[in-house]
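This report goes through the model from overall confidence to individual residues. Please keep the sequence and the structure open while reading.

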Amino acid sequence: MAGGSFTGSTSDVEFEAKITFAVIISCIMAATGGLMFGYDIGISGGVTSMPSFLHEFFPDIYKRTQEEHVVESNYCKYDNQKLQLFTSSLYLAALVASMVASPVTRKLGRKQTMLFAGLVFIVGTALSALARTLALLICGRILLGCGVGFANQAVPVFLSEIAPTRIRGALNIMFQLNITIGIFIANLVNWFTSKMEGGYGWRVSLAGAIIPAVLLTVGSLIVDDTPNSLIERGFEEQGKAVLRKIRGVENVEPEFQDILKASKVAVEVKSPFRDLAKPHNRPPLIIALCMQLFQQFTGINAIMFYAPVLFNTLGFKSDASLYSSVITGGVNVLCTLVSVYSVDKVGRRVLLLEACVQMFVSQVVIGIVLGMKLQDHTDDLSTGYAMLVVVMVCTFVASFAWSWGPLGWLIPSETFPLETRSAGQSVTVFTNMLFTFVIAQAFLSMLCLFKFGIFLFFSAWVFVMGIFTVFLIPETKNVPIEDMAEKVWKQHWFWKRYMY
């Protein structure tokens, strides 16, 4: 079942391909790994703002938040290392799991890695939802982190390898789109469960993660592994058959030979991680590392993890803070669709640069408003100013959603050569989870220390990101995945010096 056809070129060869039903279904099923990740990002902030959850696991914070006359700063109500550990433990486990996931993905394939991720996530969800002690709760989060580490390793690579060149960006961004949908659904779930009587709403919120985990597990059983992975592991005929199936044409020989050539190089590489240090791998490696650092230091996950807590800090009541986080989650989903539509039309660089300007302005405005109106022990944040903060947060989230959010995963997954693609993706996920852990563990303490200046801190990072993009991130739109060295790195004014 084809929805259209096109040709993609590499060197002097054209690859025939249709947009087939098999490709679309495979990408939809695989991208549920993003749904799993996103749900967990969104659920933790809402749960940590629920009085019943705080009463059971963090009684000191519960007491602080319930007192009418609090001596602590407005910015310090939720400053607690154990509370931050509840959120951040998942990402600490994910960064460790990502390193184990690299050889698994290479030896067993993308499909089996996604299946394992789904199964581990199911077990972690059950443990978290049924936990009676903080230790069990964090053990559940660690298992969830292992699932996230394996899924984030395999899914972006799966999407980039299975997609035809001309729509590779759009299909790969389905991973980020599912992350945003997961966050939005989590915000809605938190809003409803916070109204449940009996104090078990937080358990329902955590248990909801079972749905995306089951979808990924079932999807992994249905889809075929990628031709690139099959051919690299020696299943050439099976890889060719899958290639013919997903491209919807009989003449797949040119693309098959292109993958075969890359796989022969890949097989000769015995230590992919050591190979990453070689000069010709430095351009994609440096860009992958920097994009993960920058993605987290925009402050996006600080807002997504702790949106209800943040809005409570700004003076919103509990229901209003959850409602505001639902709004930002909705904006996140809608604006990721902008990226799906535009990434293969306007290119990666335009989206990255426009977003840097928009994020910078939004963060500065938020910082100035809070600096003038929200002091340590006084709250002059009127309804008008509070709404301005929500609008600026939504403006910030919108720009991130069509740029650094999806492209932070897309660009690393499409720029490494086949022989180091799994290792490169592993380092990408490790770096992302490392800085996600740092932000998750430190944000509430940073908010207490920096106060309104936290938003100016993040805006300074956004400025640095813009400079980096202008000079060092090349355009990869419409370039076949196995031709990045010839058509991108060897043509770039700076990176070409490493290509010899």
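## Confidence

This is a predicted model. The mean pLDDT of the chain is 85, and 89% of its residues reach 70 or more. Over residues 1-13, pLDDT stays under 50. The model has 36 contacts beyond four places in sequence for residues 1-13, a count to be read together with the pLDDT under 50 there.

## Overall make-up

The chain's secondary structure comes to 23 helices and two strands. Of the 500 residues in the chain, 61% are buried. Contacts between residues at least 6 apart in sequence join residues at least 24 apart in 81% of cases.

## Nonpolar cores

In soluble globular proteins, nonpolar side chains tend to be buried together. In this model, the largest nonpolar core has 126 residues. F53, F58, L137 and W404 are the residues with the most contacts inside this core. Helix α7, which covers residues 134-162, gives the most to the core, with 12 residues. A second, separate core has six residues, including L285, F416, A423 and V427.

Leaving out residues up to four places away in sequence, W404 touches M291, F294, Q295, L352, A355, C356, M359, M465, T469 and I473.

## Helix α12

Helix α12 spans residues 236-247 and has 12 residues. From its first C-alpha to its last, α12 reaches 16 Å, close to the 16 Å expected at 1.5 Å a residue.

Which residues of α12 are buried? They are G239, K240, V242, L243, I246 and R247. These residues lie on the same side of α12 because they cover an arc of only 165° around the axis. An α-helix has 3.6 residues a turn, so residues three or four places apart point the same way. Just after α12, G248 takes a positive phi of about 75°.

## D344

D344 is found in the loop between α17 (318-342) and α18 (348-373). Is D344 buried or exposed? Its relative accessible area is 13%, under the 20% cut-off, so D344 is buried.

Not counting residues up to four places away in sequence, D344 touches R166, I167, R168, G169, A170, K477 and N478. With one of these, G169, the side chain of D344 makes an approach to the backbone nitrogen at 3.3 Å. D344 and T476 are 132 residues apart along the chain, and their C-alpha atoms are separated by 9.3 Å.

How values were computed:
Residues are numbered from 1 along each chain as its sequence is written. This is a predicted model: local features need pLDDT of at least 70, side-chain atom pairs count only at pLDDT 80 or more; totals for chains, interfaces and linings use all residues. Side-chain values use heavy atoms; hydrogens and water are left out. A nonpolar core is a set of buried Ala, Val, Leu, Ile, Met, Phe, Trp, Tyr and Cys residues joined through side-chain atoms within 4.5 Å. Buried means under 20% relative accessible area, exposed over 50%, partly exposed in between (1.4 Å probe, protein chains only). Helices (H or I, at least four residues) and strands (E, at least two) are DSSP runs, numbered from the N terminus. Contact means heavy atoms within 4.5 Å. A polar contact is a pair of N or O atoms within 3.5 Å; within protein, one must be able to donate a hydrogen and the other to accept it, and residues adjacent in sequence count only if both atoms are side-chain atoms. pLDDT is the predictor's confidence in each residue, from 0 to 100. The expected span of a helix is 1.5 Å times one less than its number of residues. The arc is that of the directions from the helix axis to the C-beta atoms.
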